[in-house]
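Open the model in a viewer and keep the sequence panel beside it. The stops below say what to select and what is there.

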Amino acid sequence: MLYNPLNEPIERIIKLPLYYAGLKNKARIREKEGKPKTYTLNRSFEADLRVTIPANGYTWLIVEE
C-alpha cells in the first residue's frame with residue numbers, strides 16, 4: 001500500500017523488491033483491481049513501477065506469479 005499525504009497528486013517510479021517472493025525473471029503486478037501488467041525483474045529481483053497516487057489518497061499493488 002502506498003499513501004500520499006500531500007494536497008496534490010504525485011507520480012513516482014518505485015523499485016518494488018521481490019527477492020523474497022520467490023520470483024526469478026518476471027512478475028505480474030496490478031494496481032488495485034486493474035488488469036495485471038508483466039514486469040521484468042532486474043538482477044536485484046526488483047520491478048520498476050510508475051505509480052500515480054491521488055492527493056491525500058492511497059493505492060495498492062498486488063503481485064501475481
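**Stop 1**

Select Arg30, which counts as buried at 18% relative accessibility. Here buried means under 20% relative accessible area, exposed means over 50%, and partly exposed lies in between, with a 1.4 Å probe and protein chains only. The model is predicted: local features need pLDDT of at least 70, side-chain atom pairs count only at pLDDT 80 or more, and totals for chains, interfaces and linings use all residues. Residues are numbered from 1 along each chain as its sequence is written, and side-chain values use heavy atoms, with hydrogens and water left out.

The side chains of Arg30 and Glu33 meet in a salt bridge, 3.3 Å from N to O; the term covers a side-chain nitrogen of Lys or Arg within 4 Å of a carboxyl oxygen of Asp or Glu. Glu33 counts as exposed, at 62% relative accessibility.

Strands are DSSP runs of E with at least two residues, helices are runs of H or I with at least four, and both are numbered from the N terminus. Arg28 counts as partly exposed at 35% relative accessibility, and Glu64 is partly exposed as well, with a relative accessible area of 23%. With these four selected, the view holds a network of salt bridges that links Arg28, Arg30, Glu33 and Glu64.

**Stop 2: the whole chain**

What secondary structure does the chain have? There are 0 helices and 7 strands, and the pattern along the sequence is β-β-β-β-β-β-β. Taken along the principal axes, the C-alpha atoms fill a box of roughly 40 × 20 × 15 Å. Of the 65 residues in the chain, 25% are buried.

**Stop 3: the nonpolar core**

Select Ile10, Leu16, Leu18, Leu23, Ala27, Ile29, Tyr39, Leu41, Ala47, Leu49, Val51 and Ile53, the 12 residues of the largest nonpolar core. Such a core is a set of buried Ala, Val, Leu, Ile, Met, Phe, Trp, Tyr and Cys residues joined through side-chain atoms within 4.5 Å.

Which elements give two or more residues to this core? They are strand 2 (10-17), strand 3 (26-31) and strand 5 (46-53). Strand 5 gives the most, with 4 residues.

Centre on Leu16, which is found in strand 2. Leu16 counts as buried because its relative accessibility is 19%. A distance drawn from Leu16 to Arg30 spans 12 Å, C-alpha to C-alpha, for residues 14 apart in sequence.

**Stop 4**

Is Ile13 buried or exposed? Its relative accessible area is 55%, so Ile13 is exposed. Ile13 and Thr52 are 39 residues apart in sequence, with their C-alpha atoms 8.9 Å apart in space.

Select Glu11 and Arg50 next. They form a salt bridge whose closest N and O atoms are 2.9 Å apart. The pair joins distant parts of the chain, Glu11 being in strand 2 and Arg50 in strand 5, 39 residues apart. Glu11 is partly exposed, with a relative accessible area of 44%, whereas Arg50 counts as exposed at 55%. The salt-bridge count comes to 5.

**Stop 5: aromatic rings**

The whole structure has 3 aromatic pairs. Rings of Phe, Tyr and Trp (its six-membered ring) pair if their centres lie within 6.5 Å; planes under 30 degrees apart are stacked, over 60 edge-to-face, and the rest tilted. Select Tyr19 and Tyr20, an edge-to-face pair at 4.9 Å centre to centre with 90° between the planes. Tyr20 counts as exposed, at 79% relative accessibility.

Move to Trp60. Lys32 lies over the face of Trp60, 5.8 Å from the ring centre; a charge sits over a ring if NZ of Lys or CZ of Arg is within 6 Å of the ring centre and within 35 degrees of the ring normal.
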